[in-house]
Amino acid sequence: MKIERITSTIVDLRLQRTHRLAMATMARHTLVVVQVHTDDGPTGLGEMSVIAGYDAMAAGAAKAVIDEVLAPVLLGQDPRRLWHAIGLMDRAIKGNLPCKAALEMACVDITARALGVSAAALFGGAVRDRLEMVWVLASGDLEQEVQEAREKLDQRTHRHFLVKIGTGDPRANVERAVALREALPEAATVRVDVNQAWDEATARWAIPALHAGGIAVVEQPVHASAIDAMRRLAQCSLLTVMADEAVATSQEAMAYAGTHACDALSIKVSKHGGLLRTQQIAHMAAAGGLALFGGTMIEGAIGTSACAQLYSTLPDLQWGCQLFGPQLMVDDVATSGLRYEDFTLRVPHGPGFGATLDPDRLAYHQRRAHAGP
Ligand code: MUC
Ligand code: MG
């Protein structure tokens, strides 16, 4: 089986509400959808998400890397030789991990479909068929966030909440997170993601205040490059300190796990450069004593199904997953067997990721020229 043709399509999708991170305010969302066609095998689907202000790359640049640099080295190759494909992409261009992830994802989808199995089978098989869900609150408005969390509790879709607190005054943000915790029933949990916004001095007083207020986890409190600060914070905090943006490569995972520079790690298929690398990093981090959280870059049905397949195979996923992308988007370009029920995400059965592209919706949402970043 050989790769015959690769296409990539930028799509712009509306969100249910504005999503506010420390470094980005998302009023809509952009995905790059990849289709890898083979000569006598199935077509594979991959996807990367682009968040302007968060990512190092604009969607047009990502598409150019995929079309002009990565696709040419994959054409004619057997998509089932996954590490070989990763090696070819690494030799073609440094970095660009999310672009490589989208293409590797499609190759994994092809491999599983060709075997007639779900992608989870390629990663050792599922150890769970449901993932404990975390909902991300990111409007910055306490009343709205309390109401949104209560709706999720009433609908029985989420009981764990992660609130983004990296924008604005740290003291007001800590108070907002604690007030949210107090407004919700005991059975709910609240954690925070600072998305690198604080310096170490701020984190030193803010983390104990969060702990005193019943917050469960603080994610990436300081800059991604501040490994020494992260280590000091992890070592003196009663609260779980989670790394996210700081750990993308396996070398960074080694550095964090080896020196206990955090207690937990948010893994992300896009950030780590694909499903195989994410599996590798997850197992390394677990061996180094780090607890795991299944992260997202707000992928749609394709990327979310792919992540869910892998996360379902990880023996330890102590902090659940935040695969809420399809719930935040008003529309999508694929359908899938993803089901959100009983506070969990039911993992699709496949074949492959269990996602099916809808060509009409892809055409409808496709970006026309000069539509944005
Ligand atoms: C993260 O965990 O920092 C992207 C979307 C979102 O809600 O958070 C970021 C990822
Ligand atoms: Mg994060």
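Predicted model: local features only at pLDDT ≥ 70, side-chain atom pairs only at ≥ 80, totals over all residues.
Residues are numbered from 1 along each chain as its sequence is written, chains are lettered from A and ligands numbered from 1 in the order in which they are written, and side-chain values use heavy atoms, with hydrogens and water left out.

- Glu219 belongs to strand E8 (residues 217-219) and Asp244 to the loop between strand E9 (240-243) and helix H8 (250-258), so the pair ties together parts 25 residues apart in sequence.
- Helices (H or I, at least four residues) and strands (E, at least two) are DSSP runs, numbered from the N terminus.
- Both Glu219 and Asp244 are buried; buried means under 20% relative accessible area, exposed over 50%, and partly exposed in between (1.4 Å probe, protein chains only).

**Helix packing**
- Helix H3 (residues 97-115) packs on helix H10 (residues 275-287) at an angle of about 105°, with the axes 8 Å apart.
- Axes are lines fitted to C-alpha atoms, for helices over the stretch in contact, and angles run from 0 to 180 degrees between N-to-C directions.
- H3 contributes Leu97, Glu104, Met105 and Val108 to the contact, and H10 contributes Leu275, Leu276 and Arg277; contact means heavy atoms within 4.5 Å.

**Strands E5 and E6**
- In strand E5 (residues 134-137), Val134 and Val136 point one way, Trp135 and Leu137 point the other way, and all are buried.
- E5 and strand E6 (residues 160-164) run parallel and are joined by four bridges; strands pair if DSSP finds at least two bridges between them.
- Leu137 has Val163 of E6 as its bridge partner.

**Two buried residues**
- Ala177 is part of helix H5 (residues 170-183) and has 0% relative accessibility.
- Beyond its neighbours within four places in sequence, Ala177 contacts Val163, Ile165, Val190, Val192, Leu210 and Ile215.
- Leu338 sits in the loop between strand E12 (334-336) and strand E13 (339-341), and is buried at 8% relative accessible area.
- Not counting residues up to four places away in sequence, the residues that Leu338 touches include Ala301, Thr304, Pro326 and Leu345.
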